Amino acid sequence: MHLVIVESPTKAKTIRKFLGKDYAVVASMGHVRDLPSSQDEVPEKYKKTDFGRLGVDVANDFEPLYVISPKKAKTVSELKRLLKDADDIYLATDEDREGESISWHLLELLKPKVPVKRMVFHEITKGAIDEALAHPRDIDEKLVRAQETRRILDRLVGYTVSPVIWKKIAFGLSAGRVQSPSLKAIVDRERLRMAFRKGSYWDVVAELEKDKTKFEAKLVLVDGKRIANGKDFDESTGAIKADAKDILLLDEAASKTIADASLKAEWKVTDVTQKETHRKAPPPFTTSTLQQESNRKIGLSSRDTMRTAQSLYEKGFITYMRTDSTNLSAEALKGIRSVVTSRFGEEYIGEARSDKAAAGAQEAHEAIRPSLTFTAPQETGLSGSEHDVYELIWMRAMASQMKDAKQLQISARLSAGTNEFQATGMKILFPGFLRAYVEGADDVEQAIEDREKALPELKTGDKPSCVDTKPLPHETKPPARFTEASIIQFMEKEGIGRPSTYAATISTLLDRGYVAKQGSALIPTFTAFAVTQLLEKYLSDLVDVTFTSTMEKSLDKIAEGTQEWLPYLRGFYLGEKGLQNRIKVEMESTVPDDAKLIHLPDLDGYTIKVGKFGPYVESTLPITGAAVKASLPADMFPGEVTKDAIDTVLKSAQQGPTSLGIDPETGLAIFLRTGSYGPYLQLGEEEEGSKKKPKRASIPKTIPLETLDFNKALSILALPRLLGVKEDSGKDIRAGLGRFGPYIVHDGDFRSIKEPDDVLTISLERALEMLAQPKGTRGGGVGKEIGKHPDDNKPVTLHSGKFGNYVKHGKVNATIPKDMKPEDVTLAKAVELIAERSAKGTTTKPKAKRAPRKKKTPAE
């Protein structure tokens, strides 16, 4: 029997289809061992040592402490059992550094006595698997060492800097080699926005008509002088730049006068220019460009994009999704060009393009593309985000081998009295690669035409009629906040991290509360400012993009074998200027109050700090000089803080809670208060020194504060309320408010109350209707059977529970990630989640394993 080990059940299932009965394909469920994730995983003999605290023995050539986590013990036991009957082993993990490392750890842990072969492939197709089996290789020790060095480096930064941040600012915060410079970039952009000063200007737009075709022209010159636009303003003052000469700044009155005069004037075309341009076909996707385009076009986060791409790869739809390269293999080029010819025609085929990997590329050697069948998106049977991401990849791959789009840029100058206007248009002469991007549209020609900006036929001397003129006000805009797409673009350009780390970095910034999302924009919080300020002051190189980029280049050299890993780690961490000493000498001397202080402009008289319970403001009353303090709302961010907003918060704090009346049952006052997470009701005062807290209740989002009165407050505080008794069980049905919103409950069976139902008014009859429905079907498909489990052909079902959505197979329940929609849960994903949950069922203690060290060389 040939034992083939991959990372996930989905990948195993796909590969199994291409191999015979002599092959057993099993999943390791990712890494089988790693550095300890918590002190619970550290073996007892190391718990009180620096080795145990860091997971890296700094004094012994940075030896890592590897442990098998409890959730992987069952997997390891199963692999060892299968190994007993194996004639040989094929390690078929992913082809990048992480995959190489997983294979190395499997080899070190299993210690097989049978032949071991490293099997790599770029896509999961029969041809690729057969080729990989025929040409196995050994484990690449350089890739393994590079990954281990990276892992150790990240651990040294995270586990030495983060505890200091806990002491100085607040517990639970963190720093990271890639995370911290990325956060600084987001904070710096917010600082630019805060320093920005708005400028105002006016212009005039005319609606013209010729040959029954209407078009638009914009004012550009007044009496031969150019009118000001947004680029002419100084962002720091809001005024016209000092070096801007011969520019006319229009105000409302002047623009209205020009508009009125232009409406009555005779219009004449004074010049027409036409220029043919070529729009170059884009290269196929890399990891970075896929994440950016997915975020822009279909609104997926980088984390969701990578999760979806991983699933597509493991199912055999696309090539490996972690790559820096835009290269395409000869076989792929042939296949794509064949599809383009058959679907679009030979006239769309361009010159064969196969770009080389970008500088520093260290992942897979080919771009992300559909597998060699090149199945059209509508023919795959995919749905939801999997279909959308596959369609993006398919369109981009096709477009990369198509001819450039040819466009005709048209510009016309028109006079209206002493004023000059400009009209611009664009006509697509040949769609080229754009044809792939409208594939699937009901009307392809119309879809292409919609990309054009039409102008009528214009020539010098023509006299179009003026239908209308409008004076328009404008304000200059501050620099745009980063989105997931633009921060990934920034990270790639500056050389911060690698494609495989982008999604995880952004997720960490969001999960740790450093950044919040407002629409697609990433907004830094007060905590982000505090941490960034601290690192800028004491460890500025850790947030410097040049330093971080240099670190990445060194890690690449280690992967290439041109730089030694041990001297590099020693230089970074040890010695007088090493991180270890700088933490002791510099950061430890920081006064916590100074570290918590947020430096914001234009807030004289106010002090903003970050504390244990979040951001707060301190000030003194103008007359008495008494100190006053108030928590800042959770939805207030540094870039939006004004004196008026702070005054409102402080005024509310001084006034205290609003009394809505006296509860007739207890005789206690009902207060409306505001906390960090919004408004809530409180019954009675909180007694100083008492451990008993007054009853509190959140206000449902369906109740606007302006409609909240005494009776509604009584109803909210009375929750949960009894609706009645279910006849067949004789047990109560109640309606209440919980952590996840309003609900009804009967005998432990919770159902969420969604609009238009209301927790305060929902009836017993309606509650019985909800309980009679299969659990979760009101949420759009939750509770339905997804399919049959491949191992036993028993149903796998989707459910909604008290703590969110989950999948079920037999007695195993597996939670669905919060950021995954129920409708996006495929059978393959459900099987993977169930397998991961099953692996967590053991409580076996972790085993310690010191990594074997290679012999030292003179260079070390």
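Me: Which residues touch the most other members of the largest nonpolar core?

Reply: In soluble globular proteins, nonpolar side chains tend to be buried together. A nonpolar core here is a set of buried Ala, Val, Leu, Ile, Met, Phe, Trp, Tyr and Cys residues joined through side-chain atoms within 4.5 Å; buried means under 20% relative accessible area, with a 1.4 Å probe and protein chains only. In this structure the largest core has 74 residues, and Val161, Ile169 and Ile608 touch the most other members. Helix 6 (residues 141–168) gives the largest share of this core, nine residues. Another core, of 62 residues, lies apart from it and includes Ala281 and Met395.

Me: What kind of model is this, and how are residues numbered?

Reply: This is a predicted model, in which local features need pLDDT of at least 70 and side-chain atom pairs count only at pLDDT 80 or more, while totals for chains, interfaces and linings use all residues. Residues are numbered from 1 along each chain as its sequence is written, and side-chain values use heavy atoms, with hydrogens and water left out.

Me: Which residues of helix 19 are buried?

Reply: Helices are DSSP runs of H or I with at least four residues, strands are runs of E with at least two, and both are numbered from the N terminus. In helix 19 (residues 565–573), the buried residues are Trp565, Leu566, Tyr568, Leu569, Phe572 and Tyr573. They line one face of the helix, because seen down its axis they fall within an arc of 160°, taken from the directions from the helix axis to the C-beta atoms.

Me: At what angle do the axes of helix 6 and helix 19 cross?

Reply: Axes are lines fitted to C-alpha atoms, for helices over the stretch in contact, and angles run from 0 to 180 degrees between N-to-C directions. The axes of helix 6 and helix 19 cross at roughly 10° and come within 11 Å. That makes the two helices roughly parallel, a term for angles under 35 degrees. The contact (heavy atoms within 4.5 Å) is made by residues including Arg145 and Leu156 of helix 6 and Trp565 and Phe572 of helix 19.

Me: How many bridges join strand 25 to strand 26?

Reply: Two strands pair if DSSP finds at least two bridges between them. Strand 25 (residues 721–726) and strand 26 (residues 731–738) run antiparallel and are joined by five bridges; Val725 has Asp732 as its bridge partner in strand 26. The two strands form a hairpin with four residues between them, and Gly730 in the turn has a positive phi of about 75°.

Key: Buried < 20%, exposed > 50% of the residue type's maximum accessible area, 1.4 Å probe, protein only. Parallel < 35°, antiparallel > 145°, perpendicular 65-115°, else oblique.
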